[in-house]
Amino acid sequence: MLTFQAFPLGPLQTNAYVVVDTTRTRAIVIDPGTADPALLRKVAGLQVEAILLTHAHFDHIGGVDELRAKWSCPVYLHPLEKDWLTDPAKNGSARWSDVTAPVKSGPPDHSLEDGQKLQLLGETFEVRHTPGHSPGSVSFVCGDLLFAGDALFRRSVGRTDLPGGHQDTLTKSIRSKLYALPDDTLVLPGHGPATTIGEEKRENPYVPALP
Ligand SMILES: Nc1ccn([C@@H]2O[C@@H]3COP(=O)(O)O[C@H]3[C@H]2O)c(=O)n1
């Protein structure tokens, strides 16, 4: 069985996830907001196969280059945000100098697209394009795990007032791409605690499931 651990990192306590394979030899990292020592200790001695980005706001990407350099692993990002890693204006770090220094890294190595199936850790990670919080937001489905980025939170959803955000688009993404998953799917969001699809369909005040 895959195992995973959340690391809430940085000024916005953004969840980075380390997912480890059944043999406990390989890992992937989702949304490394910083190259935090605890996260680095977790992957020390493992082969990091990839860094997956749900989107490229600064608080999800600050650890990208350090991890990529240490493990020579590729970085995956949706093409609508391909320029955001290299541009502090686009990734938001230029705007919020009160909470962050400018965040800048090299460009992504690979593009993600809706429906793509990534073979990582001996498992399939399906990409679902879930725009609305940002244009290139994606979620990753692996078995009964959903890495939802900032699309869906426990009893909340991502903000839609930032550049490229759009509320109706987010609502549509959540209903069509995430609520379509089985109720017992464990939702691992970009901020805050885990939840399940069934709970959010019943209890989420921002995007109730349609009857
Ligand atoms: N003090 C701050 C500074 C920045 N932000 C931005 O809001 C975004 C929420 O989604 P995110 O992808 O986690 O990125 C966050 C910041 O861009 C924020 O919400 N609050």
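Which residues does UniProt assign to the feature "domain: Metallo-beta-lactamase"? The unreviewed UniProt entry places this feature at residues 13–191. Please bear in mind throughout the tour that the model is predicted.

Begin by selecting residues 13–191. Over this stretch the chain is 17% helix and 29% strand, and its end C-alpha atoms are 7 Å apart.

Next, display the open sheet of six strands, whose order is 1-2-3-4-5-6 and whose pairing is mixed. Strand 1 (3–9) and strand 6 (110–111) stand at its edges; each has a single partner strand, so one side of each lacks a neighbour in the sheet. Within the sheet, select strand 2 (residues 14–20) and strand 3 (residues 26–30), an antiparallel pair joined by four bridges. Here Tyr17 stands opposite Ile30 of strand 3.

Move on to strand 13 (residues 186–189). Strand 13 runs parallel to strand 10 (residues 145–149), with four bridges between them, and Phe147 stands opposite Leu188 in strand 13. Strand 13 is also joined, by two bridges, to the antiparallel strand 14 (residues 195–196), where Thr195 is the bridge partner of Val187. The hairpin of strands 13 and 14 has five residues between the strands; select Gly192 there to find a positive phi near 80°.

Finally, select the ligand. Of the 13 residues around the ligand, His57, Asp59, Gly92, Trp96 and Asp150 come nearest. The shell comprises four nonpolar, six polar and three charged residues.

Terms used:
Residues are numbered from 1 along each chain as its sequence is written. This is a predicted model: local features need pLDDT of at least 70, side-chain atom pairs count only at pLDDT 80 or more; totals for chains, interfaces and linings use all residues. Two strands pair if DSSP finds at least two bridges between them. A residue is near a molecule or strand if its C-beta atom, placed from the backbone, lies within 6 Å of it. Ala, Val, Leu, Ile, Met, Phe, Trp, Tyr, Cys and Pro count as nonpolar, Asp, Glu, Lys and Arg as charged, and the others, Gly among them, as polar. UniProt positions are given in the numbering used here, feature names are shortened, and annotations may be inferred rather than shown by experiment.
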